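Here is my note on this chain. Please keep the 3D view open while you read.

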Amino acid sequence: MENRGVPPGPYRATKLWNEVTTSFRAGMPLRKHRQHFKKYGNCFTAGEAVDWLYDLLRNNSNFGPEVTRQQTIQLLRKFLKNHVIEDIKGRWGSENVDDNNQLFRFPATSPLKTPPRRHPELRRNNIENFSKDRDSIFKLRNLSRRTPKKHGLHLSQEKAEKIKHEIINEDQENAADNRELSQEDVEEVWKYVILIYLQTILGVPSLEEVINPKQVIPQYIMYNMANTSKHGVVILQNKSDDLPHWVLSAMKCLANWPRSNDMNNPTYVGFERDVFRTIADYFLDLPEPLLTFEYYELFVNILGLLQPHLERVAIDALQLCCLLLPPPNRRKLQLLMRMISRMSQNVDMPKLHDAMGTRSLMIHTFSRCVLCCAEEVDLDELLAGRLVSFLMDHHQEILQVPSYLQTAVEKHLDYLKKGHIENPGDGLFAPLPTYSYCKQISAQEFDEQKVSTSQAAIAELLENIIKNRSLPLKEKRKKLKQFQKEYPLIYQKRFPTTESEAALFGDKPTIKQPMLILRKPKFCSLRY
């Protein structure tokens, strides 16, 4: 499939589905097969389809190399359910597909889905409502807005006044010449500024196809910006909205493994698997994903920025979008990303699954806890896995508070207060983040860079094992032996000879004596 991106817009998941199914029908090789002493033409086996589709998804920027073979099988099952494919006898509608030699073919009908169209009148009303909301910021009118959900955001009067004074930076000397701003005015400016920045970063002419401005709750943004720990994690005033104590303890245990596994904790075999299952069960039982159902389209659209040359744009866009979340959701997301990122990088973490590595297990387990649609979407799992993978790698930047947003709001409030802003079109008074785009490289060069970067990271891992003084000698030998088995070329490059390997442990290579020494026979001369 041509590695192109689906442009931002509504129903992006449906558009991606159509792109994948079209490419699958156009590119999947068809040939003759024999089954039960009978020949069938223009068909393929389930195993052949999995191989081809697996390669397609991993090389597409919308999904990426994190796609697993099992996820590919799940997608093929959805193809059968939605009549993208049918078995050799024309049956479809079930999900009875496995990685085997069962024969399938393409039906004659088109498998494309038609995105639902909104009525033009509704679309026009949305645009008018957005314009009215934007204009109201500068006209200083009291607006009736949606009441936010109760999430422990009951700011005290003293706290609210403190935030207001910090943002507005009142000048007592010129108070007579300044307009008086209410708390509602401050909230509207926060809402307007973040939407303008988000629209600029995404590079779309309008956000009305991606997010309804009435979904943006300025109180959430202000709270997420102002109430953080020294590590940038949201602090909740209402502790009933926080993670239960037993979940926090379990997450700390695995995030700091094995340092947190002191004598107070059980040490039975499989303990870490039980702890992980406890955490997973809690997040899987949440009533909605951490990114919420209403922001599904917004985050799915950002998935189209997840390309090597647009990485910086994706980080900044996700940084703003995560500020829109209710504070309890943002806190849970922050703690979850920190835990699974540490677990994925921890070489001492025992295997938590017999068939999957730690990183793949984290993505597979928590993807639908982070992003999914209220109505089942066929590509939910793949899209969510792609997003969680990116969040794991960049969570420290994405979930930190952007300072430029605070500066922009302060500038707006100051100019609004002094009457320097009369029209929305006057623009922002703080610079937008700038992006420098690297030169596009070929697929071969990208693969070579990817391999070299991966090898460098693995070599660094080997050095960490070698230089770890706290690791017992016996355990170090065991880990090095396992590393040599997994990455023989990198290990041989680090230890080209047995002497260099022995020098690490202070051993001297022993030369085994021959087990049997034969004396040379003495020959007697026949001469007298």
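The points below go through cores, a helix, strands and ring contacts.

1. **Ground rules.** This is a predicted model, where local features need pLDDT of at least 70, side-chain atom pairs count only at pLDDT 80 or more, and totals for chains, interfaces and linings use all residues. Residues are numbered from 1 along each chain as its sequence is written, and side-chain values use heavy atoms, leaving out hydrogens and water.

2. **The cores.** The largest nonpolar core has 118 residues. A nonpolar core here is a set of buried Ala, Val, Leu, Ile, Met, Phe, Trp, Tyr and Cys residues joined through side-chain atoms within 4.5 Å. Buried means under 20% relative accessible area, with a 1.4 Å probe and protein chains only. Among the residues with the most contacts inside this core are F24, F79 and F366. Helix α6 (residues 183-202) gives the largest share, 12 residues. Helices are DSSP runs of H or I with at least four residues, and strands are runs of E with at least two, numbered from the N terminus. A second, separate core of 11 residues includes I466 and F495.

3. **Helix α11.** At 1.5 Å a residue, α11 (residues 311-323) should span 18 Å, and its end C-alpha atoms are 19 Å apart, which agrees. The expected span is 1.5 Å times one less than the number of residues.

4. **Strands.** β1 (residues 31-35) and β2 (residues 38-45) run antiparallel, joined by 4 bridges. Two strands pair if DSSP finds at least two bridges between them. β1 and β2 form a hairpin with 2 residues between them, and H36 in the turn has a positive phi of about 55°. β2 also pairs with β4 (residues 103-105), antiparallel, over 2 bridges.

5. **Aromatic pairs.** There are 14 aromatic pairs. Rings of Phe, Tyr and Trp (its six-membered ring) pair if their centres lie within 6.5 Å; planes under 30 degrees apart are stacked, over 60 edge-to-face, the rest tilted. W17 and F79 are edge-to-face, at 5.3 Å centre to centre and 75° between the planes. W17 lies in α1 and F79 in α3, so the pair ties together parts 62 residues apart in sequence. F79 counts as buried, at 0% relative accessibility. W17, F24, F44, W52, F79 and F106 form one aromatic cluster.

Terms used:
Buried < 20%, exposed > 50% of the residue type's maximum accessible area, 1.4 Å probe, protein only.
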